[in-house]
Amino acid sequence: MVPDVSRGSRTIGLLHYLYRTSDIEAHIDPHLAAAYDPHLPDPGRDPNATFSDLAADLDLWVNALGDKAPNKHVWHCPVRTAPGDPTLSDDEWATVARRILAATGIAPDGDDQACRWIAVRHAPDHIHLVATLVRADRTRPRHHKDGTRAQAECRKIEKEFGLRRLKEGDGTAAQRPTTAERRKAERLGQDGASRELLREHVHRALAGATNEAEFFDRLAAEGVRIKKRLAPSGDVLGYSVAIVGDRNKAGEPIWYSGSKLAPDLSLPRIRKRFTASAEMPEPPAVLERSGATAPARARHFAAQATGEALDTLASGDDGAAAAQLIGVGEVLDALAQTSLGSTRTELREAARHFERATRSHIRAKDAEMYALRRAANQVVHSGTAFGHGPDGAATALVLDIVILAVVAAARWHAARNHAQQAEAAQRAADHLRAAYQVTAATPLAAMRAYGQRLPAPVRQRQTNAVRTTLPHLADRLQAEPGWHALTAVLDQAERAGHDATTLLTKAAAQRELDSADSISDVLVWRLQHLGYITPPASPPRSQRPRSASAPVSATSTVAHQQTSRVRRR
């Protein structure tokens, strides 16, 4: 059950919206489910009742104050059940309304001086609570933290009514769009409310940005309006952003400050990410090896940094772990804006959900996120990654490790009773898995095809290596569809000068394998990455003819060669 508290200034305007059915298909049979006065005329049931009369009744005590009346005197709170919940009756919704109004201080039980209110129902799954914020004794209601109190009461109601129990928050979530903001977004044809869209724009601009100038340049490139708040000295004190075309009645842009978008997007909080950015570790020299594209190199660096973040999440250092989660969020934003097609769509959704998992009351040790921020910077500046060839293989590789990090983040939050953050991380993981399936299909298919063409003696040698290194998993590995891809990568590792058994031992020792859906696929990506960052034990062997060539450990030569043939044609 989700309450959504907001305030307005026109009672009659809100009533017209709540009762309107002519152009809003979702509004069905609007009527009063409850009211402060059970005999209040209902425009939805009484043909003689008018909106003007109802608004005048609700505004009675407000109008009595004259010039002393509050500007935003209309208290509005839609309350919605979750999909799959049973449909509540009007009497049950009346009970819900009274409990929320009492819990928020708008209309405490037994208070005959309480604010006037109504509960309008125009759909099976929700009601709208409307109250005017002046009591009969001409004082204001004590409704401090009414949104939090409404949420807490809804958690109790869910349990008592047998409804789906939503996760409790901790006060660190970004402010959700109001009903009015959502309605306006629908009218403008936007993909979401301006507040939500702007939050995503700012996160994308921030991903890996090394300084304030770069952040604002990238934010401008996102196509949003920017207004900086300046001190007399000319120093920037803060910033606000607006969606182009989103204006108020006066024709002015509707601005949102960074702190209004999310607690961690204020300029002082953003600057903390830039602190000592010059000390960020440079990418390892191995990433500059020839034959790899810039996006592939950047993704290998991101995989390395994300793997280190996984170790931090298990270290017990909460401050360091909190910082790593922020860094993982930036890597996700960077990957989303440099991918294409359905992969880009899924990664954007993953980043949008995971954003909630990057905030809690645990104070992050900013220095701990530098490697991941550097990785995000590398990904953004490396350009768009194509879904085939070296780029596709490297993207699948980094997604494989990012999924592990996001799942680990969900467990980390759950262990600390961060219910909303844990759920957000799980939803992000679902979208990441979908992105991985799309991205990994082509490079894995190429590697499997090559593995099936390996000469019998070579296949036997790789089989022996697996049985020697992983005797307890060998039978399962050979039964998996990815077995041939694994033999292909092991063969390529040998031809690149690596000892296949040593490399496989390292890959298996990185993290447990038993819970993987496909152990062979996991080992393929680990071997790809290890083969990329590990110096060969001996000089590479000469490459075989093209018909028998295999994917180089990190850049998938099979896919690269196929791409090259297409270009030559």
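## Residue D514

In this predicted model, D514 counts as exposed because its relative accessibility is 52%, and the threshold for that class is over 50%. D514 is located in the loop that runs between helix 20 (500-510) and helix 21 (519-533).

When neighbours within four places in sequence are set aside, the contacts of D514 are with L473 and R476. A496 is 18 residues from D514 along the chain, and the C-alpha atoms of these two residues are 29 Å apart.

## Residue T172

T172 also belongs to a loop, namely the one between helix 5 (146-161) and helix 6. T172 has a relative accessibility of 8% and therefore counts as buried, the limit for that class being under 20%.

The side chain of T172 forms a polar contact with the side chain of R356, at 3.1 Å. R356 is also one of the residues in contact with T172 once neighbours within four places in sequence are excluded.

## Helix 1 and its cover

Helix 1 spans residues 11-19, and its buried residues are T11, L14, L15, Y17, L18 and Y19.

The elements that cover these buried residues include both strands and helices. Among the strands are strand 3 (31-35), strand 4 (74-80), strand 5 (117-123) and strand 6 (126-132). The helices include helix 2 (51-58) and helix 6 (179-188).

Notes. Residues are numbered from 1 along each chain as its sequence is written. This is a predicted model: local features need pLDDT of at least 70, side-chain atom pairs count only at pLDDT 80 or more; totals for chains, interfaces and linings use all residues. Side-chain values use heavy atoms; hydrogens and water are left out. Buried means under 20% relative accessible area, exposed over 50%, partly exposed in between (1.4 Å probe, protein chains only). Helices (H or I, at least four residues) and strands (E, at least two) are DSSP runs, numbered from the N terminus. Contact means heavy atoms within 4.5 Å. A polar contact is a pair of N or O atoms within 3.5 Å; within protein, one must be able to donate a hydrogen and the other to accept it, and residues adjacent in sequence count only if both atoms are side-chain atoms.
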